[in-house]
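Reader: I would like to learn how to read a model like this one. Please take the features in turn, with the general idea before the case.

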Amino acid sequence: MNDAQVGLIVATPIIIGFSILLYRMGVLQGAGTISAVLASAAIATVLFLGQ
């Protein structure tokens with residue numbers, strides 16, 4: 001596993017966690033939270049498998 005893949009494994013849960021935290025604080029709406037989680041997971045999957 002190279003450095004970029006380790007970075008993806010570390011950064012993706014942090015992004016998902018922040019979006020859920022912002023949803024609980026009332027900053028993001030439900031659709032925004034779902035789209036942020038799905039987009040970050042999709043991007044991480046494509047970049048992880050593409051290397």
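Author: What follows goes from the chain as a whole to its helices and then to single residues. This is a predicted model, in which local features need pLDDT of at least 70 and side-chain atom pairs count only at pLDDT 80 or more, while totals for chains, interfaces and linings use all residues. Residues are numbered from 1 along each chain as its sequence is written, and side-chain values use heavy atoms, with hydrogens and water left out.

Reader: How many helices and strands are there in the chain?

Author: Helices (H or I, at least four residues) and strands (E, at least two) are DSSP runs, numbered from the N terminus. Here the chain has two helices and zero strands. Its C-alpha trace spans about 35 × 15 × 10 Å along the principal axes.

Reader: How do I check the span of a helix?

Author: The expected span is 1.5 Å times one less than the number of residues in the helix. Helix α1 has 23 residues and reaches 33 Å from its first C-alpha to its last, close to the 33 Å expected at 1.5 Å a residue. Helix α2, residues 30-50, has 21 residues and reaches 30 Å between its end C-alpha atoms, close to the expected 30 Å.

Reader: What share of the 51 residues counts as buried?

Author: Buried means under 20% relative accessible area, exposed over 50%, and partly exposed in between (1.4 Å probe, protein chains only). Of the 51 residues, 14% count as buried. Accessible areas come from the Shrake-Rupley method with a 1.4 Å probe, and for residues only the protein chains shown count as cover. The accessible surface of the chain comes to about 3,700 Å², and 74% of that belongs to carbon and sulfur atoms.

Reader: Which residues of α2 are buried, and which are exposed?

Author: An α-helix has 3.6 residues a turn, so residues three or four places apart point the same way. In α2, the buried residues are T33, S40 and A44. These residues cover an arc of only 40° around the axis, which puts them on the same side of α2. The arc is that of the directions from the helix axis to the C-beta atoms. On the other side of α2, the exposed residues are A31, I34, L38, I43, V46, L49 and G50.

Reader: What covers the buried residues of α2?

Author: Contact means heavy atoms within 4.5 Å. The cover of the buried residues of α2 includes α1, residues 3-25. In turn, the buried residues of α1 are Q5, L8, T12 and S19, and their cover includes α2.

Reader: Which residues does T12 contact, leaving aside neighbours within four places in sequence?

Author: T12 is found in helix α1 and counts as buried because its relative accessibility is 14%. With those neighbours left aside, T12 is in contact with S40, A41 and A44.

Reader: Which residues make the nonpolar surface patch?

Author: Patches are made of residues with over 30% relative accessible area and no salt bridge; like charges are joined within 9 Å, nonpolar side chains (Val, Leu, Ile, Met, Phe, Trp, Tyr) within 5 Å. A salt bridge is a side-chain nitrogen of Lys or Arg within 4 Å of a carboxyl oxygen of Asp or Glu. Here M1, V6, I9, V10, I14, F18, L21, L22, M25 and V27 make a nonpolar patch of about 980 Å². One of them, I14, counts as partly exposed at 44% relative accessibility.
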